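Subject: The structure for you to look at

Hi,

Here is the structure I promised to send over.

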Amino acid sequence: MNTTDQKTSVFDRAYDPVIQAAITFGAVILFVLSAKLINLTGLMDIPQRFPWMTAASFMLLFAMGNSVFSLASENMLKYWGRSIYSYLGLAVLSGVVAYFSSSMSIDEAGSYRWIYLVLTVGYLVFLGMMAFMRQIVEFAQKEEWNHPRIRRNQKKRGRDKDNGKR
């Protein structure tokens with residue numbers, strides 16, 4: 001078994017954003033149904049806005065995780081496209097689940113409209129930060145970064161030689 005080919009960290013792989021969103025949506029449904037069950041049994045009083053809070057919480061979890069996983073993608077733009085569509089799908093489907101399970105619209109649930117907006121803007125900022133970090137790392141790994149003076153002097157010498165021959 002060759003261990004050099006295996007990636008040891010979960011963050012070394014670019015997981016498909018659609019699968020990430022599907023797993024996150026499954027968790028939203030699981031938490032909402034669990035809360036309904038707990039409320040029906042009378043073990044605990046769950047607030048009516050809990051499904052909206054669950055949807056927003058898992059959207060934040062998706063945003064952070066997906067942004068980190070985007071670092072390992074080979075084609076950042078393709079990954080971003082799938083990520084943004086997955087996020088939008090997760091937001092809509094989670095909102096529908098929250099609406100039907102709480103019997104409250106997003107406006108009736110209080111400030112969740114603003115929370116959705118802040119999460120969406122935050123997600124785009126997370127993606128932008130990851131892209132910027134990736135560019136910095138790629139630049140740092142280039143040969144010019146390791147020996148900038150040597151490279152500059154070699155270029156200068158090459159120009160001096162060319163000028164002397166003409």
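Predicted model: local features only at pLDDT ≥ 70, side-chain atom pairs only at ≥ 80, totals over all residues.

Let's start with Arg-113, which is partly exposed, with a relative accessible area of 45%.

How many salt bridges does the structure hold? There are two. The other pair is Arg-82 with Asp-16, where the closest N and O atoms are 2.8 Å apart. This pair ties together distant parts of the chain: Arg-82 sits in helix H3 (residues 76-102), while Asp-16 lies in the segment before helix H1 (17-41), and the two are 66 residues apart. Are these two residues buried, exposed or in between? Arg-82 is partly exposed, at 36% relative accessible area, and Asp-16 also counts as partly exposed, at 26%.

Next, the helices. The protein has six of them and zero strands, and reading along the sequence gives you the pattern α-α-α-α-α-α.

Have a closer look at H3 and helix H4 (residues 112-140). In general, two packed helices are described by the angle between their axes and the distance between the axes. For H3 and H4, the angle is about 165° and the axes are 12 Å apart. H3 is therefore roughly antiparallel to H4, because angles over 145 degrees count that way. H3 also passes H4 in a right-handed crossing.

Which residues make the contact? On the H3 side they include Trp-80, Ile-84, Tyr-87 and Gly-95. On the H4 side, among them are Tyr-116, Leu-119, Tyr-123, Leu-127 and Arg-134.

Finally, some numbers for the whole protein:

- Buried residues make up 30% of the 166 residues.
- Taking contacts between residues at least 6 apart in sequence, 80% join residues at least 24 apart.
- The accessible surface comes to about 11,800 Å², and 63% of that belongs to carbon and sulfur atoms.

If you want a place to begin, pick the pair Arg-82 and Asp-16, then move on to where H3 and H4 pack.

Cheers

Note on methods: Residues numbered from 1 in each chain as written. Heavy atoms only, no water. Salt bridge = Lys/Arg side-chain N within 4 Å of Asp/Glu carboxyl O. Helix = DSSP H or I, 4+ residues; strand = E, 2+ residues; numbered from the N terminus. Buried < 20%, exposed > 50% of the residue type's maximum accessible area, 1.4 Å probe, protein only. Contact = heavy atoms within 4.5 Å. Areas by Shrake-Rupley, 256 points an atom, 1.4 Å probe, with all protein chains shown as cover. Axes fitted to C-alpha atoms, helices over the stretch in contact; angles between N-to-C directions. Parallel < 35°, antiparallel > 145°, perpendicular 65-115°, else oblique. Left-handed = near helix turned anticlockwise from the far one by under 90°.
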